[in-house]
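These are my notebook entries on a structure that I went through element by element.

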2 protein chains.
Amino acid sequence: MRGAGLLLAFAILLLVAPAAMAEPRVTTFTLANGMQVVVIEDHRVPVVTHMVWYRAGAAEDPWGTSGIAHFLEHLMFKSTGKLKSGEFSRTITRLGGRDNATTTHDNTSYFQRVAKEHLRAVMELEADRMVNLRLVEEEVKTERDVILAERRSNIDGNPLSLLSEQMLAALYQNHPYGRPSIGFEHEMAKLSRQDAIDFYKRYYAPNNAVLVVAGDVTPEEVRGLAQATYGKNRPNRALVRPVRPDEPKPIAARRVQLVDGRAGARILLRYYPSPSFASGPPGEPESLELLARIIGGDDTSRLYRRLVVEKLASTAGANFSGTGRDSGRIAFVLIPLEGVSLEKVEAILDAIILEVREKGVTQVELDRAKSAFEAVRVFETDDQMQLARRYGEGVTFGQSIANIDELAKRVQSRSLDDIKRVAGEYLVMERSVTGTLVLPQKVEASAPQAVKQ
Amino acid sequence: MRGAGLLLAFAILLLVAPAAMAEPRVTTFTLANGMQVVVIEDHRVPVVTHMVWYRAGAAEDPWGTSGIAHFLEHLMFKSTGKLKSGEFSRTITRLGGRDNATTTHDNTSYFQRVAKEHLRAVMELEADRMVNLRLVEEEVKTERDVILAERRSNIDGNPLSLLSEQMLAALYQNHPYGRPSIGFEHEMAKLSRQDAIDFYKRYYAPNNAVLVVAGDVTPEEVRGLAQATYGKNRPNRALVRPVRPDEPKPIAARRVQLVDGRAGARILLRYYPSPSFASGPPGEPESLELLARIIGGDDTSRLYRRLVVEKLASTAGANFSGTGRDSGRIAFVLIPLEGVSLEKVEAILDAIILEVREKGVTQVELDRAKSAFEAVRVFETDDQMQLARRYGEGVTFGQSIANIDELAKRVQSRSLDDIKRVAGEYLVMERSVTGTLVLPQKVEASAPQAVKQ
């Protein structure tokens, strides 16, 4: 909870030789009420990570009530028949555990990490609030102030977040990914108890949820506990998933310029829409992942060498966001050094993209990107929470365990031709949105930038 | 029908001294089934204009089925229990009349112009298809090809329409005005008979419609005829108008660049969102109307003198679109002459806007704009069809007859301060969307234009 995950993560990875590590043992089954269960065995320490994923996120916010999925996530920590407001998290803390929740455009997930012996207690609590939430008008009002404050501090107080929000609006003409997952402020201010109840009644049900338990458990144990807790909740037989409209083909390059006196530095962002791991043809998102790493994944990348090493920029990176259900994007970020124009660093970005489109990349670059990907993958596999997230997200999108497990193999089998092909297909100017964050100058009524002919 | 009204109209008006003319006599009443009736008396010729307006347009298209309001408009010319497919229009023609229909984002309207003695026959036909439409799968498929062909020829075949479509998508982040009223092609291709029936059943009912009869009739005559025809149709008591989401405050200037080899000339468009006549505080849209005329309404305007007279542009104009229910916009169009850059004409546009924002306009300019407005208004008042449209649209939006009639007076009472204030409030760069249409150059992977620092 408390954080709608809008910020860009452009982590520059430290390259470490990955230790050989087997994929974890993962089992899945479905309860009679339609709730899918995923068990990830990890017997190294007597700890479990428990997650419930609902197949409903900000993209399901009804028009005019943006932010309701995220607001409901907050309200899920209020009272049920059994629990007083705030008691859920206090109980987890008392058990020595920790808990949190996240809302993305695609789903809402709740998770706890506790010692193994408390798993049953956690499952009882989570199963209870899946169907027994009681919303009190006064608490709804108070919590609305909390989400508004969250928006002000995370989005409105942060020019880079604001710019990104504006760019997503420009990137998506039809799909609700173009709306901020935390909501538009003017709509958040009007979110009501009834809006939350409507969303809850529609989407919070075992047949719209995925349970993930990772840790020192067996599938048999989890099955027994799940049946005894979630198994008692009745499915929503009337569940209808709303239509998510497809995007039209992008045909015109777009630019967004945010002038903001609070900006610490001038920044240029560039987004290109693309398939995601869940939506793309197998292999294509994997090629995009490698392509982004080669162009700007770390300090061996083309962008870094041509901009940071050459003392033109303090930051120059690229990133593939592939975790959406319906689409993903390749993003570039450039922060020029003092005295270097945004125009100049953008021209170098464009030149690098053109080179890759025309000539492809080298075997050395491809091999290095594969190693870097594998290193991250192994770190992730070693982290129980990350692992639970990987399977929870994939299964929520309808992917099979085998499909999720084979991602690493699909990445490793990409060829030079594959990389060149996706660069040619997706890094095309008419698909792009370019965003610039600049400091105010006395140019109030002039264009964000002039058109060069 | 067959024409979703997306094209820009930048008519340069010929100034003619307006003849003094009284506002027409307009009466309104409501039938027992909730259908509002507007009668505009015009006894000069024995002809009537008959219109039915439904309060449902492309903004009501459910997400994922854009274009359905317009598609249904086409299908309304198919069969009912009484009429065969196409017989509606053939009957009007046989009666010596003409008919057509229009879909905008806000409403769908059907109109006929016939000799007075045929009014009853027309009302019977229109009342019949309001509730008795019968859609045959085969005809739906054929007509879908017609709307797809219409989109290809009116939008996809016309770079300026495409650019405008892209700019509207950039202008609206939340409101359905950002979607094309004719629909996205990939969604139009999937529109089904059931989609059309759902829209029809939901919105086509007397209590969601406005009848306008203009011509050689009295309110008493029309009341009798309306009761005998439309009066028989039962209201839709379950009618619920969907939420139209409000826009967030615009904070970042946006640009869209369309590269198209079919472009006859390079063009620059600039849009600023604003209130409309129906949504703005009284007087404000009237000030915007005058402001647009002063900056670029005709060949005495600032834009024309600085760009066309100075041989920098072949076209330079401005236009206020104020007829939307929820918002309007001020639009500028510039077509530079060969050898003049878009950058140069844009800089002059920006300089003119800055002057008006800072220093306002002159009394001579304001008086001329008021006269020009009055001239158009008088021509419109003289045209039965235009007049019927004026009241039909206004009443559909919930405006009173008095409010519609007082528009001219509100325009005439605007002051120099009023004009300066709306220029300062609305012609602000961070609200703007700038669109450029350019011919391809070999700059495939470079940005649409560089950022000037």
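**Entry 1: a loop residue**

I looked up A:Lys311 and found it exposed, because 9 other C-beta atoms lie within 10 Å and the cut-off for an exposed residue is 12 or fewer. I note that the model is a predicted one. A:Lys311 sits in the loop between α10 (302–308) and β9 (313–321) of chain A. Its backbone has a positive phi of about 60 degrees, although A:Lys311 is not a glycine.

I then turned to chain B. B:Lys311 lies in the loop between α10 (302–308) and β9 (313–321) of chain B. I recorded for B:Lys311 a positive phi of about 60 degrees, and this residue is not a glycine either. B:Lys311 is exposed, with 9 other C-beta atoms within 10 Å.

**Entry 2: the sheet of chain A**

I traced an open sheet of 6 strands in chain A, in the order β1-β2-β6-β3-β5-β4, with mixed pairing. At its edges I found β1 (25–30) and β4 (98–103) of chain A, each of which pairs on one side only. Neighbouring strands of this sheet are turned by 15 degrees against each other on average, with direction ignored.

Next I checked what packs on the sheet. Helix α1 (residues 68–75) of chain A touches β4 and β5 (108–115) of chain A, and its direction makes about 165 degrees with that of β4(A). Helix α3 (residues 119–131) of chain A also packs on the sheet, where it touches β3 (47–54), β5 and β6 of chain A. The direction of α3 makes about 15 degrees with that of β3(A).

**Entry 3: strand β2 and its partners**

In which sense do β1(A) and β2(A) pair, parallel or antiparallel? I found the antiparallel sense, over 6 bridges. In this pair, A:Thr30 stands opposite A:Gln36 in β2(A). The hairpin of β1(A) and β2(A) has 5 residues between the strands, and A:Gly34 there takes a positive phi near 95 degrees.

With β6 (residues 209–215) of chain A, strand β2 (residues 36–41) of chain A pairs in the parallel sense, again over 6 bridges. Here I noted A:Ile40 opposite A:Ala214 in β6(A). Strand β2(A) is mostly covered, with 5 of its 6 residues buried.

**Entry 4: the two domains of chain A**

I recorded the division of chain A into domain 1 (25–232) and domain 2 (254–438). Their centres, taken over C-alpha atoms, are 28 Å apart. Across the boundary, 30 residues of domain 1 of chain A are in contact with 27 residues of domain 2 of chain A.

Which elements supply the side of domain 1 of chain A that touches domain 2 of chain A? I listed β1, β2, β3, β5, α5 (159–171) and β6 of chain A, each with at least two residues. The largest share of that side, 9 residues, comes from α5(A). By type, the residues of that side divide into 16 nonpolar, 10 polar and 4 charged.

I followed B:Leu211 and left aside its neighbours within four places in sequence. B:Leu211 is in contact with B:Met35, B:Val37, B:Val38, B:Val52, B:Ala226 and B:Tyr230.

Key
Residues numbered from 1 in each chain as written. Chains lettered and ligands numbered in written order. Predicted model: local features only at pLDDT ≥ 70, side-chain atom pairs only at ≥ 80, totals over all residues. Pairing = 2+ DSSP bridges. Helix = DSSP H or I, 4+ residues; strand = E, 2+ residues; numbered from the N terminus. Axes fitted to C-alpha atoms, helices over the stretch in contact; angles between N-to-C directions. Contact = placed C-beta atoms within 7 Å. Buried ≥ 20, exposed ≤ 12 C-beta atoms within 10 Å, placed from the backbone. Domains from an automatic or database assignment. Nonpolar A, V, L, I, M, F, W, Y, C, P; charged D, E, K, R; others polar.
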